Amino acid sequence: MAFTQDILAELAEIAPGSPVAQARDTRDAATQHAQGSYQALFDIQEEAFTADERYSVAAKVAKWHNANELAAHYAGFGLADPTSARLTPALEFARLLTFSPVNATPQALNTLVAAGWKKESIVTLAQLVAFVSFQSRLLAGLRLLNGKTVADSDIPVVAGAWHTSAKTQSGKAAPVQFTQQELGWEPWLAAKPLAEFTPDEQAILAKFGHTDSDYFRLLGRNLPVLEQRTLTDKGIFYTPGGLPRAERELAATAASKINGCIYCASVHARKTSQLSKDDNAVETLLAVQPGGILSEGQSTRWQAEIDAAAALSVTPPALTVAHLERLNAQGLDTLQQLDLIQSAAFFAWANRLMLTLGEPYLP
């Protein structure tokens, strides 16, 4: 089956030429590769993780996000039996990634292995759940930008918990609080050895600077999805105009605080500090304790941006028209609001992979 339509435009009811359509055209790389990621995950025929199994997982994850249009879309392709011996543990893993990725442990991966899941299929499963988490949030943001309704969510928009164990599974020193320090990351599932990639695949890894990274060589067990994901990332964060880059990184940091991802926050808080030259404000954000309001102590503009990014990052997402009105009041136009939404939504994807396939350590 071929997927040639822009599924997000269709489900968000975006008319050609509308302000939202024009903003998405300006961000054509992000638009194209979000669709490309969808195609890489679903436009396949693979016995190890069949299409109807993928649709079953995707429909359930979308439903958990209150993304009813998206859930109906996936359900329309035909679903595998969710009570099968293979899908039961897969859906338990999907629920963990969806609602509490910070609680993931190596045991969750071991359970999948015991149920017959191979490393490649586990990586694809994690990518699929994380992608639908991104896609559901992006759809909610696009619908609101387009003046359409979204389902209500009464989930509190507060900072999440994070790992506080002083040691990783392998015994390395682990960070127990948010930091701007550079961190390492170790996988719970073996990264694919570089020598096992073909020369063409090695060239793709090298093009994106992924060759020496355990994280990316683990995700490289499904290289087409990794490539589309990387291009989506670049289309969201490394594009001119629109929202200042520092504020896109701020949205990524806020999302990482919601999800408890110390590793992602370390990278993007550091970039926010470097670009904004406001290290004190970034440290204030990182210091918010679980259950706290992330925007407290920030400037009025950053409060509006952090609150919107945080609301989009809880599960189910709680972004509302009122959040967009506050962004409007701070002078953010449609393109800038799209940049903020895409930046926060992307870290629903990134955080879930970082938190459930491995953990950070202090180098």
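These points walk through the aromatic rings of the structure above.

1. A word on the basis: this is a predicted model, where local features need pLDDT of at least 70, side-chain atom pairs count only at pLDDT 80 or more, and totals for chains, interfaces and linings use all residues. Residues are numbered from 1 along each chain as its sequence is written, and side-chain values use heavy atoms, with hydrogens and water left out.

2. You can look for 18 aromatic pairs here. Rings of Phe, Tyr and Trp (its six-membered ring) pair if their centres lie within 6.5 Å; planes under 30 degrees apart are stacked, over 60 edge-to-face, and the rest tilted.

3. Tyr 38 belongs to helix α3 (residues 28–42) and Tyr 74 to helix α5 (residues 68–75), so the pair ties together parts 36 residues apart in sequence. Helices here are DSSP runs (H or I, at least four residues), numbered from the N terminus.

4. Are these two tyrosines buried or exposed? Tyr 38 is buried at 1% relative accessibility, and Tyr 74 is buried at 0%. Buried means under 20% relative accessible area, exposed over 50%, and partly exposed in between (1.4 Å probe, protein chains only).

5. Next, Tyr 55 and Phe 77 are stacked, 4.6 Å centre to centre with 15° between the planes. Tyr 55 is buried at 5%, while Phe 77 is partly exposed at 27%.

6. Finally, one aromatic cluster is formed by Phe 131, Phe 134, Phe 237, Phe 346, Phe 347 and Trp 349.

Note on methods. Helix = DSSP H or I, 4+ residues; strand = E, 2+ residues; numbered from the N terminus.
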